[in-house]
Amino acid sequence: MIYSMENDFLKVEVNDEGAQLWNIYDKKDGNAPRLWQGEKVWNERSPLLFPYIGCLKDGKFIEEGITYEGAPHGFAKTVVHQLKEQSEDHLVFVIHSDESTIKQYPWPFEMETEYRIQDNRLTWTARITNTGEREMPFSIGIHTGYMCPFDTKYAASDYVLRFEKKENAVHLRHNENGNLTGEEIPFLNGEDVLTLDHEQFPNSFMLGNVVSDYIQIEELPTGHYSRVYLKGAPVAAFWAQPGNADYVCIQPWYGAPDSADSDYSLWSKRAVQKAEPGETKEYSQTIEIGTL
């Protein structure tokens, strides 16, 4: 089921299947959609990534001698989340561990997902609670695709990805299986702009050591932008298909794919998050739609 909320700036829709952000409409720009519409090339829009991110080595992990199989990015995006709260400016969804999830991930948990609008900003917040009796490893992220171009009269060359600050980030290389190789290649080298004809596209790639508070897709002729605040995420992932599909993904991740030399333990994953019994960890991302 699709739920909606709106104010004078934005109309936002959320699908309870996966608690997935479904639409963002810019009411100050003729209700133009700013979220990818799930069409050719990639049929998702903004899936939630939990309890792990990216590809597990050989599609599995091992905990206390038991092997668990898992698809890329975990299972939170594939289940229906229960609506917990609804008002004119926020929506809250929740899922709990059950017999099905325990067979895939042997830790009891509660995952609460909130979307809240204020003026021209939408904030996603995930609260992960360890409801079990032992420490719990996990990763959490959001895989949001943004429309680009914003308007059919413009081409990909009319847009850039602009970082808030000049960056000396590192490219976290991965192999053909999507697992990290351990190589960290200098990236941007004191620059703050990434063009959509960069050699890394159309492949997805991940950056570490990003210092900017935000990254935005900027429409050069008009100054319209879709801005993503990273909230200190240790990994920022990107994906675009210039000429093939009209989207750019900017993805703050609290975690990363398995490494190529993984020992098959979730505890060993890069940027793994941990929660003690009864502890709640909170993560957020803010999307701002506006004009410079």
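Is Glu64 buried or exposed? I looked up Glu64 and noted that it counts as exposed, at 65% relative accessibility. I took buried as under 20% relative accessible area, exposed as over 50% and partly exposed as in between, with a 1.4 Å probe and protein chains only.

**Basis of the entries.** I worked from a predicted model, in which local features need pLDDT of at least 70 and side-chain atom pairs count only at pLDDT 80 or more, while totals for chains, interfaces and linings use all residues. Residues are numbered from 1 along each chain as its sequence is written, and side-chain values use heavy atoms, with hydrogens and water left out.

**Backbone entries.** Most residues other than glycine have a negative phi, and most peptide bonds are trans. Glu64 is found in the loop between β6 and β7 (66-69). For elements I used DSSP runs numbered from the N terminus: helices (H or I) of at least four residues and strands (E) of at least two. I also recorded Asn189, with a positive phi of about 50° although it is not a glycine. Asn189 lies in strand β16 and counts as exposed at 55% relative accessibility.

I then looked up cis peptide bonds. One runs from Phe50 to Pro51, with omega near 10°, and Pro51 is found in the loop between β5 (48-49) and β6. Another joins Phe201 and Pro202, with omega about 10°; I placed Pro202 in the loop between β16 and β17.

**Aromatic entries.** How many aromatic pairs does the structure hold? I noted 25. Rings of Phe, Tyr and Trp (its six-membered ring) pair if their centres lie within 6.5 Å; planes under 30 degrees apart count as stacked, over 60 as edge-to-face and the rest as tilted.

I examined Phe61 and Trp107, a stacked pair at 6.5 Å centre to centre with 20° between the planes. This pair links distant parts of the chain, 46 residues apart: Phe61 is in strand β6 (residues 60-63) and Trp107 in the loop between α1 (99-102) and β10 (109-118). Phe61 is buried, with a relative accessible area of 1%, and Trp107 is buried at 0%.

I next examined Phe187 and Phe205, a tilted pair with 5.5 Å between centres and 40° between the planes. Phe187 in strand β16 (residues 180-195) and Phe205 in strand β17 (residues 205-208) are 18 residues apart, and their pair links distant parts of the chain. Phe187 counts as buried at 7% relative accessibility, and Phe205 is buried at 1%.

I also traced a cluster linked by ring pairs, whose members include Phe50, Phe61, Trp107, Tyr254 and Tyr283.

**Charges over rings.** I counted a charge as over a ring if NZ of Lys or CZ of Arg is within 6 Å of the ring centre and within 35 degrees of the ring normal. Arg45 lies over the face of Trp22, 4.0 Å from the ring centre. The charged end of Lys60 sits over the ring of Tyr264, at 4.8 Å from its centre.

**Sheet entry.** I found four strands in an open antiparallel sheet, in the order β1-β2-β3-β4. Because β1 (2-6) and β4 (32-33) stand at the edges, each with a single partner strand, one side of each is left without a neighbour in the sheet. Strands pair if DSSP finds at least two bridges between them. β1 and strand β2 (residues 10-15) pair in the antiparallel sense over five bridges, and Glu6 stands opposite Lys11 in β2.
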